[in-house]
Amino acid sequence: MSDGIPCMWMRGGTSKGGYFLASDLPSDTAERDAVLLGIMGSPDPRQIDGMGGGDPLTSKVAVVKSSDRPGVDVDYLFLQVAVEDARVSDAQNCGNILAGVGPFAIERGLVKVAGAETPVTVYMENTGQTAVARVATPNGAVAYHGNARIDGVPGSAAPIPLEFRDTAGSTCGALFPSGNVTDRIDGMEVTLIDNGMPCVVLRAADMGITGTETPAELEDNTGLRARLETIRRAAGPLMNLGDVAENSIPKMAMVSAPQAGGMISTRTFIPHRCHKSIGVLGAVSVATACLTKGAIGHDLSVIPTGARKMLSVEHPTGELTVIGHMESDQLVRAEVLRTARRLMDGAVFPGSSA
C-alpha cells in the first residue's frame, strides 16, 4: 500500500469521512480495520497522524460496491472508526454518510446518470435496509452546488432527498424490541425503539437537565454521563443487542418540549459524546416514539395533523425535518432532506502500524 489507497473524502449530511470502493480495501476484516485505524489516526484524541477530525462525526467510513440484489444499485457498509480506541464498528448505520453514497457511486461509475436527477437505490449492509437517494445530475454529472440548507452545515448545496424503507426493527428485530412502549431501567422511565437506529428515549427533566444545554455543558456533566451509561448498558439486553459496553449503539436521546416551533427538542449522546445535531436515523426513531401514544416524548411533542407530517426534530444546532407518511396512525415511510459535498479525491496512506 505504499502507493496509497484510492479514496474520496466527502461531507455527508452533518458528518464527514472517507468513501472507498470495497475492492480497494483488504477483504480480511481485521486487516481492513487496521488499515482504517491507520488512515484515521486512531487511537488518539486529536487523530493528529491521520485524516480523522478528533470527533466521532468526522471519523467515519463508507465502503461501497455494485450490488447483485434485484432492484438495488449499490451495497453500502458503514464503519465507525473510534477516535480514542483502536476499534472499528459496523454495529450501526449512518444516514448522514449515506447522503454521500449516491454521488460517490455515480462519480465512480457504479451508477449511470439517468437525467437531471438520478435515483440511486442503496442497500445498507449494516441493517439490511434499503434507501433511495435522489441525486441532482444536470448536464450529465453530479451537482454539489444548490440552494438546499440543513442545520449543522454552513452554506447551501444541492438537495439529496433520502427515502427510507423497511426500517422498523432493522437492528433489534422489532420497533419496540422489549415488547413494551415504555420500560423502567434504574428507576428511570424509558422508551426502547429501533426505527432505523436503536435509541433509548428519556425525558430530559427526569435526567436533571432542561434539555436546552449545549453539548459541551452536557459532556462536562460527569454525573449525567455516568447515569446515561448505566441505563444504556442495561438497555442492551432488553433491545436484543447483548452487552453494549464496547458498542456505539444504542444512542441515548433526551427529549424535552420544543423551543423553536418544532415537534420535539433533543440532546443525544452517541453514546459517550453529545451529538452537535442528531443522526438522520436517530431522528426517525425519536420522531416515531413521539408519534406513539404512551411512549416517552409523546406528551411533550407538538404533532402536526394530516397523513403527511413534517416532523421537525430540534437539536443543538437547529433542526432536522423528517417527512413522515402515515397510515392508520402508524409511520410507514420516512424521508429526510440531506446534502453532500465532495471534498477530496485521490489516494490516502495508512499509518505505519496498519
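1. Does C274 count as buried or exposed? With 2% relative accessibility, C274 counts as buried, where buried means under 20% relative accessible area and exposed over 50%, with partly exposed in between (1.4 Å probe, protein chains only).

2. This is a predicted model, in which local features need pLDDT of at least 70 and side-chain atom pairs count only at pLDDT 80 or more, while totals for chains, interfaces and linings use all residues. Residues are numbered from 1 along each chain as its sequence is written, and side-chain values use heavy atoms, leaving out hydrogens and water.

3. The structure holds 0 disulfides, a disulfide being a pair of cysteine sulfur atoms within 2.5 Å. For C7, which is in no disulfide, the nearest cysteine sulfur is that of C94, 15 Å away. C7 is buried, at 0% relative accessibility. C274 is also in no disulfide; its nearest cysteine sulfur belongs to C199, 13 Å away.

4. There are 3 cavities of 30 Å³ or more. A cavity is a set of points on a 1 Å grid over the protein atoms alone where a 1.4 Å probe fits but cannot get out; lining residues have an atom within 4 Å of a point. The largest cavity holds about 190 Å³, a volume being the space filled by probe spheres set on the points, which are joined across faces, edges and corners.

5. The largest cavity is lined by 20 residues, of which Q92, K251, I270, H275 and G279 are the closest to its centre. Helices α2 (95–107) and α5 (280–291) each supply at least two lining residues (helices are DSSP runs of H or I, at least four residues, numbered from the N terminus). The most comes from α5, with 3 residues.

Methods:
On a 1 Å grid over the protein atoms alone, a cavity is a set of points where a 1.4 Å probe fits but cannot get out, and a pocket is an open set with protein on both sides within 12 Å along at least five of seven lines; lining residues have an atom within 4 Å of a point.
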